[in-house]
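Take a walk through this structure with the sequence at hand. We will go from a helix to a sheet, and then to the core.

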Amino acid sequence: MNITLKQAEAAVAAAKAKAEELNTLMNIAVVDSGTNLVAFVHMDNAWLGSIDISQKKARTARYFNMPTGEIGNLSQPGGSLYNIEHSNGGLITFPGGVPLKNAVGEIIGAIGVSGDTVENDHAVAQAGADAIA
């Protein structure tokens, strides 16, 4: 299964609305199940450095089919995934990336968000994910 453009646009719209609710500026990336970029938004004046981070968060969440914050917990020194962030051309292992699932629970892509605190990044990404099912 793969995310459609319509679903990706819905995820971006919901994430952007959450960012506005939190009064923050974000970069929002949606990738398909093969980690190809499907939709992207750079909110006016959002950090330029977060463009790459948002896309890497989305890809990281899809590569491992779990939120990037969970990967971060496993990649701490002594953890089972220690140093994994150096694989796959560079991963992002802090919150803000979330797998996207269809109505029957199949992973169809992922969303990555960057531009503020990791707590807000995750909240915005989750709002985008919640708009899919």
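This is a predicted model. Start with helix α1, where the buried residues are Ala8, Ala11, Val12, Ala15 and Ala19. Where do they sit around the axis? They cover an arc of only 95°, which puts them on the same side of α1. The general rule behind such a pattern is simple. An α-helix has 3.6 residues a turn, so residues three or four places apart point the same way. Now turn to the face of α1 that looks away from the buried side. There you find the exposed residues Lys6 and Glu21.

What covers the buried residues of α1? The cover includes strands β1, β2 and β4, and also helix α4. As for its length, α1 has 17 residues. From its first C-alpha to its last, α1 reaches 24 Å, close to the 24 Å expected at 1.5 Å a residue. Just after α1 comes Asn23, which takes a positive phi of about 60°.

Next, the sheet. Strands of a sheet pair through backbone hydrogen bonds, either parallel or antiparallel. Here four strands form an open sheet, and their order is β2-β1-β4-β3. Is the pairing parallel or antiparallel? It is antiparallel. β2 and β3 are the edge strands, and each pairs on one side only. From one strand to the next, the twist averages 15°.

Look at one end of that order. β1 pairs with β2 (residues 37-42) in the antiparallel sense, over five bridges. The two strands form a hairpin, with four residues between them. In the turn, Thr35 has a positive phi of about 70°. Go to the other end, and β3 and β4 also pair in the antiparallel sense over five bridges. Lys101 stands opposite Ile107 in β4.

Now pick out Ile28. Its bridge partner in β2 is Val41. Set aside the neighbours of Ile28 within four places in sequence. Ile28 is then in contact with residues that include Val12, Ala15, Phe40, Val41, Ile111 and Val113. Two of these, Val12 and Ala15, are among the buried residues of α1.

Ile28 also leads us to the core. The largest nonpolar core has 21 residues. Which of them have the most contacts inside it? They are Ile3, Met26, Ile28, Val30, Leu100, Ile111 and Val113. Several elements contribute: α1 (5-21), β1 (27-32), β3 (97-101), β4 (107-114) and α4 (118-130) each supply at least two residues. The largest share, five residues, comes from α1.

α4 has 13 residues. It reaches 18 Å from its first C-alpha to its last, close to the 18 Å expected at 1.5 Å a residue. Its buried residues are Asn120, Asp121, Val124, Ala125, Gly128 and Ala129. What covers them includes α1, α2, β3 and β4.

That brings in α2 (residues 49-64), the helix in which Gln55 lies. Is Gln55 buried or exposed? Its relative accessibility is 17%, so Gln55 counts as buried; the cut-off for buried is under 20%. Leaving aside neighbours within four places in sequence, Gln55 is in contact with Ala29, Leu37 and Phe40. Phe40 is also a contact of Ile28.

Definitions and conventions: Residues numbered from 1 in each chain as written. Predicted model: local features only at pLDDT ≥ 70, side-chain atom pairs only at ≥ 80, totals over all residues. Heavy atoms only, no water. Core = buried A, V, L, I, M, F, W, Y, C linked by side-chain atoms within 4.5 Å. Buried < 20%, exposed > 50% of the residue type's maximum accessible area, 1.4 Å probe, protein only. Contact = heavy atoms within 4.5 Å. Expected span 1.5 Å × (residues − 1). Pairing = 2+ DSSP bridges. Axes fitted to C-alpha atoms, helices over the stretch in contact; angles between N-to-C directions. Arc of directions from axis to C-beta.
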